[in-house]
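Here are my notes on this model, as numbered points. They begin with the pocket and move on to the fold.

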Amino acid sequence: QITNAFGGVLDEKLFAEKYLRASKLEYTIVRPAGLRDEIDGELAFSGENTLNSGEVSRLNVARVCAAAALTPASANKVVEIVESSTGTPKDKWFA
């Protein structure tokens, strides 16, 4: 169980992720770091359950969601995203 200050919202999100994974639907789960308005750095991808801190712009989250919808390699994957000084090349986003 994760600690969160949002009245259990993050726990409910994890419940929904488990439900989605158990379904026969194709999915891509995008887990962004803390959200902000401005872009501040390169978009970096992290493995599942490895992102503990950082921030990412709402625009970059939208870019990743759009790319996931158009990229077959994103099927049935979980990606965690953050902005940092070194980014992940676009061809490696869903590798």
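1. The largest pocket is lined by 16 residues. Leu10, Arg31, Pro32, Leu51 and Glu80 lie nearest its centre. A pocket here is an open set of points on a 1 Å grid over the protein atoms alone, where a 1.4 Å probe fits, with protein on both sides within 12 Å along at least five of seven lines; lining residues have an atom within 4 Å of a point.

2. This is a predicted model: local features need pLDDT of at least 70, side-chain atom pairs count only at pLDDT 80 or more, and totals for chains, interfaces and linings use all residues. Residues are numbered from 1 along each chain as its sequence is written, and side-chain values use heavy atoms, leaving out hydrogens and water.

3. The volume of the largest pocket is about 460 Å³. That is the space filled by probe spheres set on the points, with grid points joined across faces, edges and corners.

4. Which elements each supply at least two residues of the lining? Helix H1 (9-22) and strand E1 (28-32) do. H1 gives the largest share, four residues. Helices (H or I, at least four residues) and strands (E, at least two) are DSSP runs, numbered from the N terminus.

5. By type, the lining has six nonpolar, six polar and four charged residues. Nonpolar means Ala, Val, Leu, Ile, Met, Phe, Trp, Tyr, Cys and Pro; charged means Asp, Glu, Lys and Arg; the others, Gly among them, are polar.

6. Three strands make an open, mixed sheet, ordered E1-E5-E3. E1 and strand E3 (42-46) are at the edges with a single partner strand each, so one side of each lacks a neighbour in the sheet. Pairing requires at least two DSSP bridges between two strands.

7. E3 pairs with strand E5 (residues 77-84) in the antiparallel sense, over five bridges. Phe45 stands opposite Ile81 in E5.

8. Helix H2 (residues 58-70) packs on the sheet and touches E1, E3 and E5. Contact means heavy atoms within 4.5 Å. H1 lies across E1 and E5.

9. Overall, the protein chain has two helices and five strands. Their order from the N terminus is α-β-β-β-β-α-β.

Note on methods:
Axes are lines fitted to C-alpha atoms, for helices over the stretch in contact, and angles run from 0 to 180 degrees between N-to-C directions.
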